[in-house]
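Dear colleague,

Please find the structure below, together with its sequence. The notes that follow set out what was found in it.

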Amino acid sequence: MYTVGLQSAADAFLLSSLQVQVFLALCILFVFLIFGVDGNKVDNGSQSPAFLPGSHLLAIAPFFQKRFEFLNDGFRKTGQALFQFNMLRDTVIVVSGEAGRKAFFTNRGFDLTEGFKVLSGAIPVVKGVTSDLQTRRVALIHKRLSAAQRQEHLTQLINPLLEDCRRMMESWGQAGTFDPFENIYELLFQATVRSIASEDIANDAALVRRLKYLYDILDNGTTPATVLLPWLPAPSMIKKLWATKEIYGIVSRAVDNRVCTGEHRDDTLQMLVDAKDERLVMVGFIMGLLVAGARATGTAASWLITFLGNNTEWKVKATQEVDRLLAIYPSQSITMSPSEQLSAIPLEAWETETPVLDALIHETLRIAQPHTAMRRNLGPDTFIDSKLVPSGAYIVYPFSDVHLNPDIYPDPWKFDPSRGEAKVPFGYLGWGGGKTVCLGQRLARLELKLVASMMLLGFRYSTVGANGDLLDSPPRPNWNDTLLCRPEKGTCFLRYEKSTPTL
């Protein structure tokens, strides 16, 4: 009934474009009347970061829709390493430079959860499940994620992950062309479901496709209104509510079925059940980490495969590295398909004997991870570069400040895995920095290496443009696409041909 009600409401809002326009106009008028044009523009003199010139209300849409351009433009207009603007009644301070980077990643009063909750908005929000969590529950979820990456659990995952790759890659056919930001991303979504959720869901291809569709709704439906005014029944918010409700239903049914039947499976859900976690912890763990893992790892995999598409040097190096592992750890398989060969390589080898794949992942995360880290200062007031960051303010740090800085990485847009380590504090943030690092990176690295190896052994492929011609250089990651970093749709494809009879 609840889903039907939401869908009916959505239909009502979408009946007439005129009705929608009137509704949005009233919302904008409401914001002007309640919050004013420039919010609380309070200047504490030389102690405050420079204010972004112009109407702060007009800064809200660019922050969400073209964040990379907006932040760079803010630094240019103010001429400062820090600047501020108002997000309705909240103060947002943007920091950059070495001093800003150090303070951002080391200040204990800067809270990740509060910052991300208000300024991001692209996760399924269910109170007590994925939001408004008690500190104890957050710590428990982190503990369970660590347990899901223990040696024995990851070792058990290698064969199922390779089988998922084989099945999905076989569906591509003998030869053809596809968009890597669709096909490779879809493959990594499947891998994340396999790794984080349950066998019941992962083995149901139609259900996995449905989950991906629903999470895509959350991504595409994130607007300034849905983040800042979530109580407004706008069409995009109604769609997000409907998608979140259905995701919750899929995950909770899998949890309830496992608990009620007592069936035992070797998967992450079983680990949660065996630990006798609360139902909300189990559902929240899967719902939240599915989107976080699939989005970040899917983006990285799509770009890694794309970068290798027209880089013969590194494609050869990576293939030779995988071939060397196969020679050291030979498979007993008769068919000698890539998936069966790769399954003979132990986890320890994947983690310690693949310097080329490690370098490829390292450089991919530098150039194609359009992240803007977000925090909230929970107190007390502090200073960065002699500028006041008051308690309650939101602080953001764009990774482009370091990863695309030509003084740290010469020719920063060039994909060059041979680059040495940056010689500045927090000079690389591919897996986070300071007290906040990616807790799922061990799993993410394994997934990326398995998918890349299957592509290298199973296909001959190149990166081509819309007309089918080989691209002289890879497309440039779109840092304004803050979630997936995709290039303009229709500009980049992979042309492939299977190099083995079976995968």
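A polar contact is a pair of N or O atoms within 3.5 Å; within protein, one atom must be able to donate a hydrogen and the other to accept it, and residues adjacent in sequence count only if both atoms are side-chain atoms. The model is predicted: local features need pLDDT of at least 70, side-chain atom pairs count only at pLDDT 80 or more, and totals for chains, interfaces and linings use all residues. Residues are numbered from 1 along each chain as its sequence is written, and side-chain values use heavy atoms, with hydrogens and water left out.

Overall composition

The protein chain has 21 helices and 13 strands; helices (H or I, at least four residues) and strands (E, at least two) are DSSP runs, numbered from the N terminus. Of its 503 residues, 52% are buried, where buried means under 20% relative accessible area, exposed over 50%, and partly exposed in between (1.4 Å probe, protein chains only). Among contacts in the protein chain with a separation of 6 or more, 77% are between residues 24 or more positions apart; contact means heavy atoms within 4.5 Å.

Q84 belongs to strand β2 (residues 82–87). Because its relative accessibility is 5%, Q84 counts as buried. A polar atom of the Q84 side chain lies 2.8 Å from the backbone oxygen of P49. Leaving aside neighbours within four places in sequence, the residues in contact with Q84 include S48, P49, H56 and T91.

Q47 is in the loop between α2 (17–35) and β1 (50–51). With a relative accessible area of 40%, Q47 is partly exposed. Which residues does Q47 contact, leaving aside its neighbours within four places in sequence? They are F383, S386, K387 and L388. The C-alpha atoms of Q47 and V389 are separated by 9.1 Å, although these residues are 342 residues apart along the chain.

A pair of packed helices

Two packed helices are described by the angle between their axes and the distance between the axes. Helix α11 (residues 205–220) packs with helix α15 (residues 279–309) at an angle of about 80 degrees, and their axes are 11 Å apart. Axes are lines fitted to C-alpha atoms, for helices over the stretch in contact, and angles run from 0 to 180 degrees between N-to-C directions. The angle therefore makes α11 roughly perpendicular to α15 (under 35 degrees counts as roughly parallel, over 145 as roughly antiparallel, 65 to 115 as roughly perpendicular and the rest as oblique). L211, Y215 and D219 of α11 meet I286, M287, L290, V291 and R295 of α15. The residues of this contact are six nonpolar, no polar and two charged (Ala, Val, Leu, Ile, Met, Phe, Trp, Tyr, Cys and Pro count as nonpolar, Asp, Glu, Lys and Arg as charged, and the others, Gly among them, as polar).

Backbone geometry

Most residues other than glycine have a negative phi, and most peptide bonds are trans. K276, which is not a glycine, has a positive phi of about 55 degrees. K276 is in the loop between α14 (268–274) and α15, and is exposed at 74% relative accessibility. D385 also has a positive phi, near 55 degrees; D385 is in the loop between β7 and β8 (387–389). G379 and P380 are joined by a cis peptide bond, with omega about 0 degrees. P380 is in the loop between β6 (372–377) and β7 (382–384).

An annotated residue

In the unreviewed UniProt entry, the annotation "binding site" covers C438; UniProt positions are given in the numbering used here, feature names are shortened, and annotations may be inferred rather than shown by experiment. C438 is in the loop between β11 (436–437) and α21 (441–458). At a relative accessible area of 32%, C438 is partly exposed.

With kind regards
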